[in-house]
There are 2 protein chains.
Amino acid sequence: MHALLQYLQAEQPRINAVLDRLLADLNPLVRPVAEHVLAAGGKRLRPLLLLLTARSLGRDDDALYPLACSLEYLHSATLLHDDILDGAVLRRGRPAAHTLFGLAPTILAGDVLLALGNRLMADAGDARLAVCISKSIMATATGEVQEIAQVGNINLTLADYLEIITGKTAWLLQAACQCGAIAAGATPVQEAAAARYGLDLGIAFQLVDDALDYDATREKAGKPVGADLLEGKVTMPLLFYLEQAPAAEKEVLAGLMARLRQGDAPEQLAPLFAPFVQRVAACGGAQKTRDAAREYIRTAAAALDAFPAGREKDMLLEAVAYVVARER
Amino acid sequence: MHALLQYLQAEQPRINAVLDRLLADLNPLVRPVAEHVLAAGGKRLRPLLLLLTARSLGRDDDALYPLACSLEYLHSATLLHDDILDGAVLRRGRPAAHTLFGLAPTILAGDVLLALGNRLMADAGDARLAVCISKSIMATATGEVQEIAQVGNINLTLADYLEIITGKTAWLLQAACQCGAIAAGATPVQEAAAARYGLDLGIAFQLVDDALDYDATREKAGKPVGADLLEGKVTMPLLFYLEQAPAAEKEVLAGLMARLRQGDAPEQLAPLFAPFVQRVAACGGAQKTRDAAREYIRTAAAALDAFPAGREKDMLLEAVAYVVARER
């Protein structure tokens, strides 16, 4: 993974420079909101995936950077809107944009970033790029709606859960890889392989995220364990617990979820939720979720068989290892 | 104008049928929100402009309808988000979507409709269409931000006001006409003429809207006069009053605007604003705004000189007459 981190460290300043440059044209009322969400950091994973996919399929020029940045703008737009929906006050340890700039500028800055992301893809002149990202934005927003609709539902099925995380997370990573392939003039087989790689990587990425939320090691990173549960989100680690939980315990949990939905303050309910966090840990929910992620990682890596050997393909293979191993 | 209304009545059912059909694929959690805002009516002006422009420039087939509908979805997306921003509880006399479905589904349904509009344009395979609408969405959202930032500012300049209405209204009408021209394979001169027609028509459309808000005849339509003023919006009729108002009156108005910005209830302030509505009427603010609209209508009509003669060109000419003459 050392080589991937070196690659990432070399690319991040270039990606950030283009991200900054393209924001300079925005209206001064929108730009600070966009700059705020982009300055909050993030690994620039989506731009990096587009660059790696395009380069491994034979294209490497500076015109890839605006396409790579398109993905980061689209991702940032969803973060701006999501933090409003979730009522989140923090984003990566900094105040969420809507708490600083207000609801209206934040919604509209999200709309502007969605349009900017679309524009950068359209500017490349290949309508297939625009089709790919508009599909992925629809899927992302739909996944978010589904997640919100299922808040507090402990009878959520595994299939529903997978549909939600595929929508809200994996589709945009799929789009990053597929757009990279399209931009490189890939064959249909390579394009499909790139899409499969991105989708399965994205599902694994979210599974690990959801495992980390129940992982005791997460507290080392200064984040609370069980935050998803307190938001009423039913994720895979909890599903592993639920499939073998005694009926009486499930009833208690359903009651707590009902109180959450009725608007009881999560902080007040936290002590009552705490035993369930321990029960998920006791049944190995986080570890089993990481195991499930490994399955998707395996199919993601297998998809890369369609790619020619080379340095960037190696990086894509390292990326799958990184996703499973990460601790925060 | 009779011929235009006949044309519109013939097209509306076809446009509505395609609008309905394309919504059918949306997730059941998003679809009702989208259906609600689309069912609220509207004249389908933007789809009609795309159809008329494309047909007058020589293309006429059923594949134009998804492109025409794209514009209506984009427009509906902005309505969903705007009603949240404005805190509006009614939209065309029916409850605004966010009051029925909640904040999160409404923001996300807006995002889905933005993506659907982009997708329909991208599906046509010409990236210039996607560039055109992504630019117009950026301009529309930016215009909205500017309008919100200027709420209550009675020192707003005419140039700032025109920039706001050009962004929030005219850009999308410009995109409708320009996309129609692109889809028809128009010459660059024709495409520029179509864009100019749409932009100036859009500015005139909003000027008449702003005039109607101070127009006594509006009460016949059951709408309150002076609603913009109660929202702190400084529009052209008010600017005509302000340019000749005594300093003492301006000071009172500035004080009222400050109270609005501080959160005083508009209903309570309404009696204090009422004399200013009368003063705008007394100085002919609404009529002068209609006169200004006529100037834009003139340049819009002149742009059509680049179009070949024909039935659809006649309709586009009738549309400009309709915009100025409408009473609600």
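This is a guided tour of a predicted model, moving from the interface of its two chains to selected residues within each chain.

**The interface**

Begin by selecting chain A and chain B together, and display the residues through which they touch: 36 residues of chain B are in contact with 36 residues of chain A. Between them the two chains bury about 3,200 Å², with 82% of that area on carbon and sulfur atoms. Now pick out B:Leu108, B:Met138 and B:Val145, which together supply 18% of the area that chain B buries against chain A, more than any other three residues.

Next, colour the helices of chain B that face chain A, where α4 (64–86), α6 (103–123) and α7 (127–149) each supply at least two residues to the side that touches chain A. Of the elements on that side, α7(B) gives the most, with 14 residues. The residues of this side of chain B divide into 23 nonpolar, 7 polar and 6 charged. A search for polar links across the interface finds 2 residue pairs in polar contact, while the count of salt bridges between chain B and chain A is 0.

**Salt bridges within the chains**

Start with A:Glu147 and A:Lys168, whose side chains meet at 2.8 Å, N to O. This pair links distant parts of the chain, since A:Glu147 belongs to helix α7 (residues 127–149) and A:Lys168 to helix α8 (residues 158–183) of chain A, 21 residues apart. A:Glu147 counts as buried at 12% relative accessibility, and A:Lys168 likewise counts as buried, at 18%.

Move on to A:Asp215 and A:Arg290, which form a salt bridge at 3.5 Å, N to O. A:Asp215 lies in the loop between α9 and α10 (227–230) of chain A and A:Arg290 in helix α14 (residues 285–303), so the pair ties together parts that are 75 residues apart in sequence. Both A:Asp215 and A:Arg290 are buried.

Then select A:Glu11, A:Arg14, A:Arg55 and A:Asp60, which are joined into one network by salt bridges that share partners.

**A:Glu191 and its surroundings**

Centre the view on A:Glu191, which lies in helix α9 (residues 188–212) of chain A and counts as buried at 16% relative accessibility. Its side chain makes a polar contact of 3.0 Å with the side chain of A:Gln178. Among the residues that A:Glu191 touches are A:Arg128, A:Ala181 and A:Ile182.

**A loop residue and a cysteine in chain B**

Select B:Gln244 in the loop between α11 (236–242) and α12 (247–261) of chain B, where B:Gln244 is partly exposed, with a relative accessible area of 45%. A polar atom of the B:Gln244 side chain lies 2.7 Å from the backbone oxygen of B:Tyr241.

Finish at the cysteines, for which the count comes to 0 disulfides over all chains. B:Cys177 is in no disulfide, and the nearest cysteine sulfur, that of B:Cys179, is 9.5 Å away. B:Cys177 is buried, with a relative accessible area of 0%.

Key. Residues are numbered from 1 along each chain as its sequence is written. Chains are lettered from A and ligands numbered from 1 in the order in which they are written. This is a predicted model: local features need pLDDT of at least 70, side-chain atom pairs count only at pLDDT 80 or more; totals for chains, interfaces and linings use all residues. Side-chain values use heavy atoms; hydrogens and water are left out. Contact means heavy atoms within 4.5 Å. Buried area is the accessible area (1.4 Å probe) that two parts lose on being put together, summed over both. A salt bridge is a side-chain nitrogen of Lys or Arg within 4 Å of a carboxyl oxygen of Asp or Glu. A polar contact is a pair of N or O atoms within 3.5 Å; within protein, one must be able to donate a hydrogen and the other to accept it, and residues adjacent in sequence count only if both atoms are side-chain atoms. Helices (H or I, at least four residues) and strands (E, at least two) are DSSP runs, numbered from the N terminus. Ala, Val, Leu, Ile, Met, Phe, Trp, Tyr, Cys and Pro count as nonpolar, Asp, Glu, Lys and Arg as charged, and the others, Gly among them, as polar. A disulfide is a pair of cysteine sulfur atoms within 2.5 Å. Buried means under 20% relative accessible area, exposed over 50%, partly exposed in between (1.4 Å probe, protein chains only). Lists of a residue's contacts leave out its neighbours within four places in sequence.
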